[in-house]
Each structure stands twice: as C-alpha cells, then as structure tokens.
Amino acid sequence: MQTDLLNNFHRLGVSARVLNGKERLRVMHSMFHMGSRDKFYFDWNWLVKSGLSVKDFIAPTSFSFPGGRTFQMGSMYGAMSYLAITASDLSDQLLKDLLEMDSSEIVTLHIQSVDQNKAIKTVKHTITELDRSKIEEQKKAVRSGYDMDIIPSDLATYGKDAKDLLKELQSQNERMFLITFLVMNTGKTPQEMENNVFQASSIAQKHNCNLRRLDFQQEQGLMSSLPLAMNQIEIQRALTTSSTAIFVPFTTQELYQDGKEAIYYGLNALSNNLIMVDRKILKNPNGLILGTPGSGKSFSAKREITNAFLVSDDDIIVCDPEAEYTALVQRLHGQVVKISPTSTQYINPMDITDDYSEEDSPLALKSDFILSLCELVVGGKDGLLPVEKTVIDRCVHQIYQPYFENPTPENMPILEDLYNALLKQEEKEAHHVATALEIYVKGSLNLFNHHTNVDIQNRFVCYDIKELGKQLKKLGMLIVQDQVWGRVTANRNAGKSTRYYVDEFHLLLKEEQTAAYSVEIWKRFRKWGGIPTGITQNVKDLLSSREVENIFENSDFIIMLNQAAGDRQILAKQLGISPHQLSYVTHSGEGEGLLFCGNVILPFVDHFPQDTELYSIMTTRLSEIVERESQNEK
C-alpha cells in the first residue's frame, strides 16, 4: 500500500515520503501541545534506560473531558466535531476555506474503501427499495382517484440519483468510499474556542453541509485525529471516487525551507504564505531569471543578492554589462571593477594561482583558457589551426616558468609576455597569432595588458563592462568568466560557496567561446561550490543550440517573470506548464510570475516597498535613478 501511494504521488508530480516513528511522535507532540512552547525531546535509546513509554514523551500535562461537548488539553481548550456532508454538489473550496481559518485546528479524514461488488449490490438494493416505495405511492394514487404518475418529488429525485450512481460504479471507473470527516477546533479560552467552532460551522453551512459536535465522544474524536490510522467514530458517509477526491487537500503547494541560509523570494500567490528557499540543497543550484524588459529581472537578481549577502557568508560575483549593480555593490562595501578603455582599473587575464585547478594541473587549465582567448582574437570560421594551438601552448609553458619558480606579483606574466614569446618562435603561424594580438598589447585596445591593480578578493565583486566596445566586450566577458572560475576554485578549497550572476546572459551565448565556457560553468560549478545565475530576456537564446540548451536543462531553479507570447509556448512545452500556471506569466506585473524549484512550480508575488533606501538603490527605472542621484548631490 505504501509503495502504491508513493508511486501515485510521484505520478502527480508531488514529492512525498514516509514518516518514521520519531517523526510521527513529533506530529502527535505538536497536536497535544498546541499553543505551548514545550519542545519535543526524544531518542529511542532513552526508553530502555528510563522504563518510560513513548506516550510519556508526547503527553500533555493534563486531559479533562467535562460535560461531553468540550475537552481541555494542558492549557488549551478544544472541541471535536464531525462534518455531516449533505450537499449534492461538493467543492474543494470547502476544505480550503477550513484550512485558511486564522485559528489553530486539525482536520482529519478517515477514508475506507468499499468492495466494488458489495457497493454495487448495496446500490441495487437501494434502487429496489425505492421502486417498491414508488409502487406503493402509485397504488395510493389509484385508490385516491388521481394520476398515478404524481409521486413525491423526493422519491423521484432519489431514484434518479441512485440509478446515476449505479451507472458510475458499473461503467465509469468509480469506486465507493466510506468517509469520516473530523474537525478539532481549539482556543486559549472557552469563549475563543466556541468562536472558532462557530466560524467553522459557518464555513460548512456556506457549502451546504453541517458541522455537528461529537457529544459525549470528545475523547474518541481526539484519539481518532492522531496519525495512528485508528477511527473510533462510527459516523460514515458513502462517497464515490470523484467526490472523495474533492477532499484531497492539494489545492496549493507550499515552498518553505527553514534552513539558516534559506532566502525569501516573495509570497505564494495562491495561499499568501512566505516562500523560503535554500538553493544549495537542490540537486543542482544553477539558476535562471527570465522575463521581458521591464518585468523586474535585474531587481529580482539584486533582491536575491542582497538576501544572500545578509544571511550567508558566500562570495558574490556579478558580470554587469549595463552598469546596473554599481549602487548596490558600493552600498554593501563591495568592489566595482570598471573595465573600459578609459579606466585605470585593470584585470590581468594571465593571472594564475596554485589552486586555479584541482582536477588538472593549473597550467593545463590556464592554457586551455588562453587558447580560447586567442581563438576569439584571431577569429575566423575555423578558429585556431592545430599548429597555432601547439605554439601557443608551448609559449604559455615558457612564460609561466619564472612565476612558478618565484611566485611573486611582479613575476606574473601579462599578455605582452605571450606576444613576445610568440614572436621568438620559428613557425610563421606563431607570428600570425602575435600579429592578431598586437592591437591588444601595443595598440589602442591594450586594456588587458596590465597587472591586476584592484581588490578582486573582496567578498562582493562586480565587473562593470558597459563601456567596453564591441571588439573588447567579447574578450572582457571571457576574461571575467576566467576570473570567476579562479575564485570558485580558491573558495572551494576554503569550503566556501560562490554565487555568480550574469546579467544580459544572451550576450555570452552569442559567441562560441563564451557560450562554451558558460556551458562548462553550468555543468561543473556545482561540484566546486559555485551557484551560477543567468539573467536574460528570451528563452529562445537558451535553446539556440543543443550545446547551449544544456544550460536550460541543468537549471533546477528558475524565476520566470512576464513572458513574450512566443516564449510562453516554448516554456510550456519545455517545462510542462499548465495553461493556468501560464496565466501567471501572461501580462503579469513587476515582481509577479512563476518560481521553479526542483519539481515544484509556484506562482509568486514580490511587491517590494518603494519608500525604502534599498529600493532606491536596486531600481532600474530611469526616472527613479535620476531622482536618487539628484538627492545624493543635495
């Protein structure tokens, strides 16, 4: 039965697991100590030594059942009731309304399956009895001298309903179940408890049902509410499969992880409950933030960055092509590295450390990066020729030898050292690569031919590449990715996580070298304690090639904001989103959408208060940025 249940939950896409004995005891302890601060302490080893039973660890300080209509459990007052289901048409809204009451309550369902043959036989017997009553009424009509077709309306209705039920049981794959529906209302005072019972009764009446008190059966009702599969209340109502399914309480799914590094992502749009997630406990923490321009992508990223900065000790690195993160980074005392032809802040693409790689030798991995860099510089359809790759690799080993012999900052090679080494080679291919590199070494694009002169070890680093021209932007993004890789490797050895955010992610995916590097990050970062997040507008960019599609498939965390019509259809197909769920990313407002976390899909709302300093720092609206800057000048 257990395996069958779990398989059915799995088919529904619901994550379920079996509670062990200790967890069931914890549930019962929480039921017996509602409203108190008593903590649950228990270990199986204590039973033998103490001579106690499990009941001693979960029992409240007292039980009292005076009068037969209420009971007292410790300091709490309670009342057990059962639901008399008299409605002809049930709605799942009944259970939802009961569970949304402000007071603490426990709803228990005992569902017992009835043998199919026995159920059909019972219904047939009922139909026979109804037909007998109908004949008796017709005989009375004839004797009284009026039309024999005139029979009591209740008899006609019940007869039709019974025949419909028989048809459902015989030919529509329906079964019959016996349901006992129990409700336990509580309160700190007798009056509060009675008010809660009255509210629950009102909800039941709204749905054409009655909530009736279990007079002189309060103790049996309380025991029947415990997760022990024991029903001591012999009040049952027969329902079919579809009617019983109405009471399955999965109208909404919640996502609340209470770990110390769980981050707030907004409110559940269906239940209004908090959404708290720790991406580190997912199978892979890779993430994407998707949405049309103005839907709040960058704001969502900044929101997560701020929360991660406050609740964890993770390092945070941002690749910022639009200079949108500067204000936030500076406010959190991070390091903004402005990479532009006019900037005096430099990043050396040749930087290497002993922990640059763990699996390979550091130099082998660095050589692979420099080959990608040269391939981007040399260009062409076919990239580097085999001979060119060979001479570059040879030169890389030569220029790093002095540094590894004496690892001081002055001995760290720069791009010019590679250029000079290539010129010394005999092969003409080496001179061809050197000529392509010349503009980046001695020409007007020599931005990356310097030693690093900024604090890239700050906990929060933002690489601002907005002012890089078209020629340098590709190169700049590749170099930033290499810096991130080096940081992630160093942090892994220190047992620290690294969060990497790439805004305008589609820019990286357009170029073969940066796209390949991005795919590698999405595949391998998890093992190294890295948490990458791509922020982009169109999902089409993520499906442009089979290689890049891996990024989409290897992301277990997706924040999906308002989507364009074309993207909605692609996403619905790729992620199995229902039409109802799709409505939450159709013409949705800022900070509204769908959250994908593992196998959970939740509609969320995150309306950030606009009268705060943090909002003025994080907003990307031009009018609000101008207002902030004018206030700063004052």
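Student: What makes strand S17 (residues 592–597) mostly covered?

Tutor: Five of the six residues of S17 are buried, where buried means under 20% relative accessible area, exposed over 50% and partly exposed in between (1.4 Å probe, protein chains only). Strands (E, at least two residues) and helices (H or I, at least four) are DSSP runs, numbered from the N terminus. This is a predicted model, in which local features need pLDDT of at least 70, side-chain atom pairs count only at pLDDT 80 or more, and totals for chains, interfaces and linings use all residues. Residues are numbered from 1 along each chain as its sequence is written, and side-chain values use heavy atoms, with hydrogens and water left out.

Student: How do you know that S17 and strand S18 (residues 600–605) are joined?

Tutor: Two strands pair if DSSP finds at least two bridges between them. Six bridges join S17 to S18, and the two run antiparallel; therefore they meet the definition of a pair.

Student: Why is the contact between Lys 280 and Asp 314 called a salt bridge?

Tutor: The term requires a side-chain nitrogen of Lys or Arg within 4 Å of a carboxyl oxygen of Asp or Glu. For Lys 280 and Asp 314 the N to O distance is 2.8 Å, so the pair qualifies. Lys 280 lies in the loop between S9 and S10, and Asp 314 in the loop between H11 and strand S11 (315–320), so the pair ties together parts that are 34 residues apart in sequence.
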